[in-house]
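Open the model in your viewer and get your selection tool ready. We will go from the whole chain down to a single ligand.

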Amino acid sequence: MAAIQFAQPMVLKYAVDHHFMTGDMAGFGGLLALFLLLIGLQFAVGYGQSFLNAILGQKVIHDLRANLFAHLLSLDAAFFDRHASGRLTNRLSNDSEAISQMIGAGLIHLIGDLLLLIAIITGMVLLSPPLTLIIALLMPLLILATLLIARRLRVSQREGRLLQSRMASLLTEEIDGRNVVLLCQRQQRNIEQFDQLNRGYLDASLISNFYEALQVSLVEAVSVVMIVLLFWYGAFLTGTDDGGSVTIGVLVAFIDYIRRLFLPIRDLSGKFTTMQAAMTALERIFELLDTPATIHDGPHTRPETVAMVRHGALSLRGIRFGYGQNLVLHDIHLDIRAGERVALVGPTGAGKSTLIALLNRTYEVTQGEILIDGIAISALPLERLRRVIGVVQQETYLFAGTIADNISLYDATIAPQRIRWALEQVGAMEFIDTLPNGIHTQLAERGNNLSSGQRQLLGIARAFAFDPLILVMDEATSSVDSASERLIQQAIDRLLQQRTALIIAHRLSTILDADRIVVLSRGKLIEQGTHEQLLQQEGLYAKLFQLQFG
Ligand SMILES: Nc1ncnc2c1ncn2[C@@H]1O[C@H](COP(=O)(O)OP(=O)(O)O)[C@@H](O)[C@H]1O
Ligand SMILES: [Mg+2]
């Protein structure tokens, strides 16, 4: 492209000096053909360049996103505790977009622009060094002005982007927290808040537009001044000894070169903005990609242990754990026989959910060891561990997809009959049969088109479908009416039969049905035994029991 841009004014000069000025048209046809060929080439090369750039940028963004997404999925729960999901979404969308822009429009254009500048200046020097000098005098002024404006432009554009992301997060919050917003009558305040951001964005955009317009006009003004200087100095030179070299053709070619000069200069200054945005984006993305996954299979994994885990005896030996510096669990010792049902009770914040999260290595113990049938869970392949331990959470998270997909979680080894069987076991078929497409009914995001009791039933059906050796459960009672509660209770009872179970229990019946009750307080196991034994101890359990059930 640089070569073509170099050649065109030269052809023009030749045409003016050798044909137009002399009136000798012999060979003009050939020159015209050459000029047309150059124009055709310019089109083809320019098209190819833009297209290849775009492909390159898109492919890079594609690979980057795929890597980022896969990497995010490999990271552990502790990582997501530290990073807001909105920010992570931004990495995947905006940051990778910025990088694609840098590659598509930036990096290669940067090289192209530099080559073009060199070609144009070479052309000018070849035609007339004195005229080039005159132009060169104005160049620093132009570059300085362009750079200054580019900096202002950058500041207002950054401000605009910031406000834009704030508006987006306000909107997300508004949608997610719709009910709370209505409840607290926060609409007016939110509208005002949004208005403020929106107005700020308008201001920032107007300032950006102002500088952009200024840049264009300034470049045009300087180019006119350059052309005037060119004519003046050209006329002056014709009167001197050196005058013979400055022909009309040279002036025409110079004007053409000047016209071509500004695009690369303006682009180059604009590129700095793109580059800088891309650099910060790049930094953030690589910081993410460089975050190692801490919980994964590795050299310590022993595949032969898969077959050794058969009964589901669970043993916790000296477990300590803290999310940060402070320990949440202290020195927990607990042995659960295969098939035993243990209820875990304790005040809010005691560490019950935390204890459960350690069992399938959602978090890694800080100290101590957890064993299943005598095998350390750290030696068991993760995939197997998470099959052996089934977790029914307080809130069942459902994905947008069919009911069947939400039960099998796209696991091909779980046949449709098994899905149906699991749903029957929990008594969910009753309501599913009333749905238009049965188990193939589409669920909304998070299963929002079901009641919380129905969602909970699906969560329990999931556990049935996967048939884990050990079941851990964060038992929820709060969000369910008493009719569904009975249904859920029955479903749970059926699920627990013949299975090792550790249940965070709130319901009296679950507690009474347990083989053993363990009491957790401030991260320590302080009491354990049967209901009667614990009542007789008159300790924390007796107190909790009095408070809750009279
Ligand atoms: N993801 C987390 N990051 C940091 N601290 C947490 C996290 N989850 C729970 N905690 C803290 O750990 C303690 C125990 O919490 P949790 O196990 O949820 O209690 P429980 O289930 O018994 O009510 C609490 O003090 C809580 O603030
Ligand atoms: Mg909890």
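Predicted model: local features only at pLDDT ≥ 70, side-chain atom pairs only at ≥ 80, totals over all residues.

**Stop 1: the domains.** Colour the protein chain by its three ranges: domain 1 (1-128 + 271-292), domain 2 (129-245) and domain 3 (304-549). Taken over C-alpha atoms, the centres of domain 1 and domain 3 are 55 Å apart.

Stop 2: Next, show the open sheet of 6 strands, whose order is 6-9-10-3-11-12 and whose pairing is mixed. Select 389-392 for strand 6 and 524-529 for strand 12; these are the edge strands, each pairing on one side only. From one strand to the next, the twist averages 20°.

Stop 3: Pick isoleucine 389 and look across: isoleucine 470 in strand 9 stands opposite.

**Stop 4: the helix.** Now select residues 452-466. This is helix 14, lying across strand 6 and strand 9 and running at about 170° to strand 6.

**Stop 5: the ligand.** Finally, centre on ligand 1. Which residues surround ligand 1? Select Asp81, Tyr323, Val328, Gly346, Thr348, Gly349, Ala350, Gly351, Lys352, Ser353 and Thr354. By class, this shell has 3 nonpolar, 6 polar and 2 charged residues. Highlight 352-359 as well: this is helix 9, which gives the most to the shell, with 3 residues.

Definitions and conventions
Residues numbered from 1 in each chain as written. Chains lettered and ligands numbered in written order. Pairing = 2+ DSSP bridges. Helix = DSSP H or I, 4+ residues; strand = E, 2+ residues; numbered from the N terminus. Axes fitted to C-alpha atoms, helices over the stretch in contact; angles between N-to-C directions. Contact = placed C-beta atoms within 7 Å. Domains from an automatic or database assignment. Near = placed C-beta within 6 Å. Nonpolar A, V, L, I, M, F, W, Y, C, P; charged D, E, K, R; others polar.
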